[in-house]
Amino acid sequence: MTGFYGGLTASVVILTLLLGAGSHAASPAALGDALWAHGVLGPRLRRPAAVVVPVAEGALGVIGAAALLTGHQRALQAVLAAGAALFGLFAGYTRHVLALGHGGPCGCSGRDLPLSRWVTRRAVALAVLATAGAVVAGAGPVRLSTVELVTLLLAASACTALLWSLPAAMHEPAPAPAARLPVRAPAHDRAETVHRTAEGVPTRWTSPPAP
């Protein structure tokens, strides 16, 4: 079972890296806009970071997937260690932005998801998974049967989807302002009386209320 759990942690980290790279590729300006809104990095660091982070995610994801499929434990261990550093750096950055009281989108996907403590917690969880996977990968290659491999792929996909959607699922949008109900004008203290003319045509006029 150690091999299964090691493969599971490695697969979740690798799938998350590939998912992050794909999301940034689909919305190239999302990360740069988020870094600008955070107001922490200057222009000289903001532009390179907006390019380096997606490239690093994609490269680590591809190399990690190849290493996992071919059984190169050293390459897999190096990818997981680098992934742990990347997620840890992102967790520290988001924690610092939140501590400063700055807002803005998280920049982790194409959606306008605001930065929150759940984004930080997800990065911490991924850093822990990557560290654990690197430790397990150092013990030897993952050897699984066909049934275990299918189970691993299903479990890794489910866990990755849950972790990826965690900030969006825990996000509580600000309540919309309550609609103001129209105020009814006070009724006049005048009673309406219906009378009929000699021809039977109804006529209306008001008269003061009876004492």
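Helices here are DSSP runs of H or I with at least four residues, numbered from the N terminus. I am working from a predicted model.

**Helix H3**

I began at the end of this helix: just after H3, Gly71 takes a positive phi of about 80°. Next I checked the length of H3, residues 43-70. At 1.5 Å a residue, its 28 residues should span 40 Å, and the end C-alpha atoms are 41 Å apart, so the two agree. I also looked for a bend and found one of about 25° at Ala49. Which residues of H3 are buried? My list has Arg46, Ala49, Ala50, Pro54, Glu57, Gly58, Leu60, Gly61, Gly64 and Ala67.

**Nonpolar cores**

The largest nonpolar core has 23 residues, and Val12, Val13, Leu17, Leu76, Leu80 and Phe87 touch the most other members. Helices H1 (2-26), H3, H4 (73-99), H5 (117-137) and H6 (146-170) each supply at least two residues of this core. H1 gives the largest share, seven residues. I then noted a second, separate core of 11 residues, which includes Tyr93, Leu113, Val119 and Ala49, the residue where H3 bends.

Back to Val12: what does it contact, leaving aside neighbours within four places in sequence? I found Leu126, Leu129, Ala156, Cys159, Thr160 and Leu163.

**Rings and charges**

I looked for aromatic pairs, taking ring centres within 6.5 Å as the cut-off, and the count came to zero. Arg121 lies over the face of Trp118, 4.6 Å from the ring centre. The charged end of Arg122 sits over the ring of Trp164, at 5.0 Å from its centre.

Note on methods
Residues are numbered from 1 along each chain as its sequence is written. This is a predicted model: local features need pLDDT of at least 70, side-chain atom pairs count only at pLDDT 80 or more; totals for chains, interfaces and linings use all residues. Side-chain values use heavy atoms; hydrogens and water are left out. The expected span of a helix is 1.5 Å times one less than its number of residues. The bend at a residue is the angle between axes fitted to the seven residues ending there and the seven starting there. Buried means under 20% relative accessible area, exposed over 50%, partly exposed in between (1.4 Å probe, protein chains only). Rings of Phe, Tyr and Trp (its six-membered ring) pair if their centres lie within 6.5 Å; planes under 30 degrees apart count as stacked, over 60 as edge-to-face and the rest as tilted. A charge sits over a ring if NZ of Lys or CZ of Arg is within 6 Å of the ring centre and within 35 degrees of the ring normal. A nonpolar core is a set of buried Ala, Val, Leu, Ile, Met, Phe, Trp, Tyr and Cys residues joined through side-chain atoms within 4.5 Å. Contact means heavy atoms within 4.5 Å.
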